[in-house]
Amino acid sequence: MTLTLGKDLVGLEGLSPEQIRLILDTAEPFKEVSERPIKKVPALRGKTIVNLFFEASTRTRISFEFAEKRLSADTVNVAASGSSVSKGETLVDTARNLEAMRIDMVVIRHGASGAAQFLGDRIRSNVINAGDGKHEHPTQALLDLLTIRDRHGRIAGLKVCLVGDVLHSRVARSNIWGLLKLGAHVGVCGPRTLLPRGIEDLGVTVFGRVEEAIEWADVLNVLRLQLERMERGFIPSLREYYRVFGVSLERLERAPRDLTIMHPGPMNRGVEIDSRVADGPHSVILDQVTNGVAVRMAVLYLLAGGRPELADAAKKGAADG
Amino acid sequence: MSRPLLLRGGRVVDPSRAIDQTADVLVQDGRIAAVGLNLAGPEGAEVREVHGLVVGPGLVDVHVHLREPGNEDEETVATGARAAAAGGFTAVCAMPNTDPVTDNQAAVGFIVRQSMRAGFARVHPIGAVSVGQKGERLAEFGEMVGAGAVAVSDDGRPVASGHLMRTALEYARTFDIPVADHCEEPTLAAGGAMHEGLVATRLGLKGIPAAAEEIMVARDLLLAELTGGHVHLCHMSTRGSVDLIRRARDRGVRVTAEVTPHHLALTDHACEGYDTHAKMNPPLREAADVAALRAGLKDGTLDCVATDHAPHAYDEKETAFDDAPFGIIGLETAFGVCHTELVQGGVLAIPELLLRMSTGPARAFHLPGGTLAQGAPADIAVFDVTTPWTVEAGRLWSKSRNTPFAGRRLIGRAVLTVVAGRVVHEAAEPRGR
């Protein structure tokens, strides 16, 4: 039987290791499309996709939009501020209206955990979660996995530590599931106020001090610290956060090995990460962004029913035509 | 006055007098006239054969939300009282978080009138602790009691101020009514949508820690001890709370406490898939909490089962988990859930279950009912405890359908409910509205 992803991509918790590998492998041929002068293949020609963003996003929305356009889909962007949502329309009514317009796919970003699944359970179109509350952000984790695999040639057996605000981070949750399923060792590190209850029970190692995490890890994925966390009282000050948990050059220089440095963006330079680290030789932060387009092309392509072995052919056909 | 009624040949269970035997029950002039073997019905009596069925005092629920006045689209006193009768309840206590708040004698009198007009289960109003449930100034307990209130509560929210809780407990002593508190430390619970634990972490939902409840339970127990007042702790949900109450009882603190059928039957795993029908406050907890609540109910640390019946319009729950309101309906599933989970589950015997669903709550709130003693009001429920049935949300008498038990196969159901000698519910009659 051919391996598929099912109708929606809500999160990595529900995917098998094989399904995750399928997405990563399918992304490989799509990477090259973005390197060409004419960055377009006809794989999703005639498909209509709505990018439904209830929360502000620049990079994720643009990355999806490029992925869609490079696959020749017709796309519409809906931002919450310009939509009927701001007039009090409920999520279920939004879903029904989209359905009535016979769209093929919805990419949704929403502030409430579970919003993507809610939508997916109610419409026939494919739904892709571009971040729901504090739940999951699967395509971000997939591009992180692809970037780690590019850099290290493997994922299994690597030690990857997520540093920072794990409590409020959907990126962290998706990364934990994806990394564990592919056989990595996963650590989390941050002040206890920003680590969720029961996180150890997911099978991750908790580090109370960033120095310990740096000594342990092969890869650090540094999470964005939302500035409002300080206002809400989770940390006393950004200054102290940087002094205690900041990923600084001095701390990395004492590491027993070279660490790969990742960040899902947007960065707060000088808060969670030292600029010299972000811009340094071990940073793959911009590779993550590049891989984001390829991974999202792969997800769109597979959910639309594209067969993985045809991804190469689709690409070649485009090159010929 | 209705005809005399003779219930013949049932298994009569009366926890108030430790009776569990096959007997007849005779009802005359709205009261229990006799319980015994081979009773002869007087001339013109209506005779019902109830062989194989359990005949007990009608169930009493000290915690329901009937939404009237203010949200009559969700429930009214009449539809709630009808649903209660269908669930085997002969008396329910209506919480005052209505709109406007039931915080004065006129508002209390309105509930009483609506209840009498409806004529199903008795509805006893609970008055607010504070004016407008704002947590600032005491409401007029004396006048509300005069109009029919049986307790005071700011339920829906906690009595956050320690000083207000203290004065409420002291002032309520004059009228010998319990102060029922929704135990929740507001700053710890703020923004929470479900139990704080592994499931919440996985779902990315903000949790409400067990400590948010236990801190207030501990405070209320200390204040009850300080004042000598009667504190009633609503919908206990954690093992820590059960432990605190047990120790306070040992010290002689005047405390009564309730637990809901859903906290006895479900855990936070019910929230998986973001099922908003599993969203309630306090939240569904962990298996160890469920076990402790069941043990507490059995040993009497928890006096009673109460449903916290909380109707919401169907579309309010049709939304993201964070945006959905707390609460579920419970009157029509309470006996079935408790009988299936606790009696069939081997935790309680039927007399123990009726003690916790009828006699116990009646005693806790000093209500008539909860007994089949001669001369008591004829508030009776007859239960079928052998035939399975399936919960169909669309066929419930309540105006709302927000139940996590839809589709559940249950054993245990009221087939006849009698209030003051009058039949107010029969399962045989066509259901639906």
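Reader: What makes the four strands β2-β1-β3-β4 of chain A an open sheet, and how are they paired?

Author: In this predicted model, the four strands of chain A line up in the order β2-β1-β3-β4, with parallel pairing. The ends of that row tell you why the sheet counts as open: β2 (74-79) and β4 (126-132) of chain A stand at the edges, each with a single partner strand, so one side of each has no neighbour in the sheet. From one strand to the next, the twist averages 15°.

Reader: How do you know that β1 and β2 of chain A are paired?

Author: Two strands pair if at least two bridges are found between them. Strand β1 (residues 48-53) of chain A is joined to β2(A) by six bridges, and the two run parallel. The cut-off is at least two bridges, so β1(A) and β2(A), with six, count as a pair.

Reader: Which strand pairs with β2(B) over five bridges, and in what sense?

Author: That is strand β3 (residues 31-36) of chain B, which pairs with β2(B) in the antiparallel sense. B:D24 finds its bridge partner in β3(B) at B:G36. In the hairpin of β2(B) and β3(B), two residues lie between the strands, and B:D29 takes a positive phi near 55°.

Reader: What makes the eight strands of chain B an open sheet?

Author: Their order is β6-β7-β8-β9-β10-β13-β14-β15, with parallel pairing. Again, check the edges: β6 (59-64) and β15 (304-305) of chain B each have a single partner strand, so one side of each is left without a neighbour in the sheet. Within the row, four bridges join β7 (residues 89-94) to β8 (residues 122-127) of chain B. One example is B:A94, whose bridge partner in β8(B) is B:P125.

Reader: How do you know that chains A and B touch, and how much area do they bury?

Author: By the 4.5 Å cut-off between heavy atoms, 15 residues of chain B are in contact with 19 residues of chain A. The two chains bury about 1,600 Å² between them, 52% of it on carbon and sulfur atoms. B:T201, B:R202 and B:E318 supply 36% of the area that chain B buries against chain A, more than any other three residues.

Reader: What lines the largest cavity?

Author: A cavity is a space where a 1.4 Å probe fits but cannot get out. The count comes to five cavities of 30 Å³ or more, and the largest has a volume of about 100 Å³. The largest cavity is lined by 14 residues, and B:A86, B:E332, B:W389, B:R413 and B:A414 lie nearest its centre. Its lining divides into six nonpolar, five polar and three charged residues.

Definitions and conventions: Residues numbered from 1 in each chain as written. Chains lettered and ligands numbered in written order. Predicted model: local features only at pLDDT ≥ 70, side-chain atom pairs only at ≥ 80, totals over all residues. Heavy atoms only, no water. 1 Å grid on protein atoms, 1.4 Å probe; cavity = no way out; pocket = protein on both sides within 12 Å on 5 of 7 lines; lining within 4 Å. Points joined across faces, edges and corners; volume = space filled by probe spheres on them. Nonpolar A, V, L, I, M, F, W, Y, C, P; charged D, E, K, R; others polar. Axes fitted to C-alpha atoms, helices over the stretch in contact; angles between N-to-C directions. Buried area = accessible area lost by both parts, 1.4 Å probe.
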